[in-house]
Amino acid sequence: MKKIIFTVPARADVRCIDRVNAMRILTALHRFAETGEGDIKKLRGDSGELRLRVGDHRVRFTEEPGDTLLIHSVKHRYEAYR
């Protein structure tokens, strides 16, 4: 299983989301870390960022060395790509 690390802004993003959706997001992240399953897409550009889609929310993250997922942001789809 991969280790999940949230940046400070990503933690703030999760705290702003209602409890039901936040739990759905955390469950989807945990499932991806264990099995690699989920609605994942590589984002354009050289950043190497990936996007996990969970309902109306988008989790932007990178896969770091040492089997680590570094979560950069968790935003509603209207705000995720600005």
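**Chatting through a predicted fold**

Colleague: OK, and α2 itself, how many residues does it have?
Modeller: α2 has 17 residues and reaches 24 Å from its first C-alpha to its last. That is close to the 24 Å expected at 1.5 Å a residue, where the expected span is 1.5 Å times one less than the number of residues.

Colleague: Which residues of α2 are buried?
Modeller: Ala-22, Ile-25, Ala-28, Leu-29, Phe-32 and Ala-33. Buried means under 20% relative accessible area, exposed over 50%, and partly exposed in between (1.4 Å probe, protein chains only).

Colleague: Why are they on the same side of α2?
Modeller: Because they cover an arc of only 135 degrees around the axis; the arc is that of the directions from the helix axis to the C-beta atoms. On the other side of α2, Arg-19, Val-20 and Thr-27 are exposed.

Colleague: What covers the buried residues of α2?
Modeller: The cover includes β1 (3-6), α1, β2, β3, β4 and β5.

Colleague: New topic, the sheet. In what order do the strands come?
Modeller: Five strands form an open sheet, ordered β1-β5-β4-β3-β2, and the pairing is mixed. Two strands pair if DSSP finds at least two bridges between them.

Colleague: And which strands stand at the edges?
Modeller: β1 and β2 do, and each has a single partner strand, so one side of each is left without a neighbour in the sheet. Neighbouring strands are turned by 35 degrees against each other on average, direction ignored. For angles like these, axes are lines fitted to C-alpha atoms (for helices, over the stretch in contact), and the angles run from 0 to 180 degrees between N-to-C directions.

Colleague: How many bridges join β1 to β5?
Modeller: Four, and the two strands run parallel. For example, Lys-3 has Thr-68 in β5 as its bridge partner.

Colleague: Which strands does α1 touch?
Modeller: α1 packs on the sheet and touches β1 and β5, its direction making about 45 degrees with that of β5. α2 packs on the sheet as well, touching β1, β2, β3, β4 and β5, with its direction at about 30 degrees to that of β4.

Colleague: Now salt bridges. How many are there in the whole structure?
Modeller: A search finds six, counting a side-chain nitrogen of Lys or Arg within 4 Å of a carboxyl oxygen of Asp or Glu.

Colleague: Which residue does Lys-75 pair with?
Modeller: Asp-13, with the closest N and O atoms 3.4 Å apart. Lys-75 lies in strand β5 and Asp-13 in helix α1 (residues 8-15), so the pair ties together parts that are 62 residues apart in sequence. Lys-75 counts as partly exposed at 27% relative accessibility, and Asp-13 counts as buried at 13%.

Colleague: How about Glu-49, what does its side chain meet?
Modeller: Arg-60, in a salt bridge of 2.7 Å, N to O. Glu-49 sits in the loop between β2 and β3 and Arg-60 in strand β4 (residues 57-64), eleven residues apart.

Colleague: Which residues are linked in a network of salt bridges?
Modeller: Asp-39, Arg-51 and Arg-53. Within it, Arg-51 and Asp-39 meet at 3.4 Å, N to O. Arg-51 is buried at 8% relative accessibility, whereas Asp-39 is partly exposed at 29%.

Colleague: Last one: where is Ser-73 found, and is it buried or exposed?
Modeller: Ser-73 is found in strand β5 (residues 68-76), and it is buried, with a relative accessible area of 13%. Leaving aside neighbours within four places in sequence, Ser-73 is in contact (heavy atoms within 4.5 Å) with Ala-10, Asp-13, Arg-58, Val-59 and Arg-60.

Key
Residues numbered from 1 in each chain as written. Predicted model: local features only at pLDDT ≥ 70, side-chain atom pairs only at ≥ 80, totals over all residues. Heavy atoms only, no water.
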